[in-house]
Amino acid sequence: MTIKAFVIGHPIAHSRSPLIHGTWLAEHGIDGTYDAIDAVPEALPGFFERLRSGAFAGGNVTIPHKEAVFALCDSVDDLARKIGAVNTLVVRNGKVHGTNTDYLGFLGNLDANAPGWSDSLNAALVLGAGGAARAILVALQSRNIPVILLNRTRATADRLAQEFGSGGFTVGTLDDINQLAPQAGLVVNTTSLGMHGTRFEQFDINVLRPGTLVTDIVYSPLETPLLADARARGLPVVDGLGMLLHQAVPGFAAWFGVEPRVTPALRARIEATLDP
Ligand code: ATR
């Protein structure tokens, strides 16, 4: 029987997930489908009824539904609660389970492209304290990495650090960046700065220690100004596209029963769809 999965959002045309999962379905010769479903918020309860009746093995949830589905799932795991968003649904025995695979995408991307990055890492500098930062903090905490959390708005960073808590956090604003960045062996940008030609104007990349790994969760453009500066300085960099690819792995494995691989060919295929 054909195994069916989906990504649901509104709008949905921009989603690369059908291409990622479609590539894997073809590669493994699986009798399965992965479709984009455009649904307004009011349509979600009815869609969940279809899920419970077994229409799909599961799927992905994207903007604007990642928070709304908490109330509709039969169960949600603790890490998705901590991240504050559900991006993956798995249907088992008529029940819908919600989870979040973004933090695994972040870890999978760095593990694949900067092997050993978390071994004896003294601290990670995280820029931004919004929704996207939460998955990164869960990822870093899972490897016991101390975090320097800097945000334009100090109070937002304070609240996030308090919530994620139990020490291990240094908090500041972007004005502290040049003073604190030399302490970090990893820099992660979780803000939208880097899109549309924007950049961290006050950040002097030269303050970073040699060998500091720099990564960005923005993948359009693929090389953000932050990554370009780091590369020009001779620092190792990992772009954000790998996070998108790696976050898709656990969902595919759960729905279709095969652990797919993130290959250079898959990456090239998705890269070809990005704006230059
Ligand atoms: P997301 O879910 O993508 O993280 P968000 O929750 O709105 O979106 O968070 C956006 C993050 O980018 C915040 O950390 C925000 O800083 P503030 O808390 O001060 O708003 C940061 N951000 C957005 N635009 C920025 C800019 N121009 N300069 C610096 N930080 C910016």
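About 1,200 Å² is buried between domain 1 and domain 2 in this predicted model, and 66% of that buried area falls on carbon and sulfur atoms. On the side of domain 1, the residues that lose the most area to domain 2 are Lys-82, Ile-83 and Met-243, which together account for 47% of what that side buries. The domain assignment behind this division places residues 3–100 and 242–271 in domain 1, and residues 104–239 in domain 2. The contact draws on 13 residues from domain 1 and 17 residues from domain 2, while the centres of domain 1 and domain 2, taken over C-alpha atoms, are 27 Å apart.

The side chains of Asp-239 and Arg-267 form a salt bridge, with an N to O distance of 2.7 Å. On the side of domain 1 that touches domain 2, helix H3 (78–83), helix H9 (241–247) and helix H11 (264–271) each supply at least two residues. Helix H9 gives the most to that side of domain 1, namely five residues.

Attention can now turn to the ligand. Which residues come nearest to the ligand, among the 13 around it? They are Ala-129, Ala-132, Asn-151, Arg-152 and Thr-153. For Ala-129, a backbone N or O atom lies 2.9 Å from an oxygen atom of the ligand, and a polar backbone atom of Gly-131 is 3.0 Å from an oxygen atom of the ligand. With Arg-152, by contrast, the atom concerned belongs to the side chain, where a polar atom lies 2.9 Å from an oxygen atom of the ligand.

Some features of the backbone geometry also deserve a look. The peptide bond from Ile-63 to Pro-64 is cis, with omega near 5°, and Pro-64 sits in the loop between strand S3 (58–61) and strand S4 (75–76). The peptide bond from Ser-220 to Pro-221 is likewise cis, with omega near 10°, and Pro-221 is placed in the loop between strand S12 (213–216) and helix H8 (225–232). At Ser-120, a residue other than glycine, phi takes a positive value near 50°, and Ser-120 lies in the loop between helix H4 (102–113) and strand S7 (124–127).

The last topic is the pairing of charged side chains. Side chains of opposite charge can pair when their charged atoms come close. With a cut-off of 4 Å between a side-chain nitrogen of Lys or Arg and a carboxyl oxygen of Asp or Glu, the count comes to ten salt bridges. One of these joins the side chains of Arg-52 and Glu-49, at 3.1 Å from N to O. Why are Arg-52 and Glu-49 separated by about one helical turn? The separation is about one helical turn because Arg-52 and Glu-49 are three residues apart in helix H2 (residues 44–52).

Technical notes:
Residues numbered from 1 in each chain as written. Predicted model: local features only at pLDDT ≥ 70, side-chain atom pairs only at ≥ 80, totals over all residues. Heavy atoms only, no water. Domains from an automatic or database assignment. Contact = heavy atoms within 4.5 Å. Buried area = accessible area lost by both parts, 1.4 Å probe. Helix = DSSP H or I, 4+ residues; strand = E, 2+ residues; numbered from the N terminus. Near = heavy atom within 4 Å. Polar contact = N/O pair within 3.5 Å; in protein donor to acceptor, adjacent residues only side chain to side chain.
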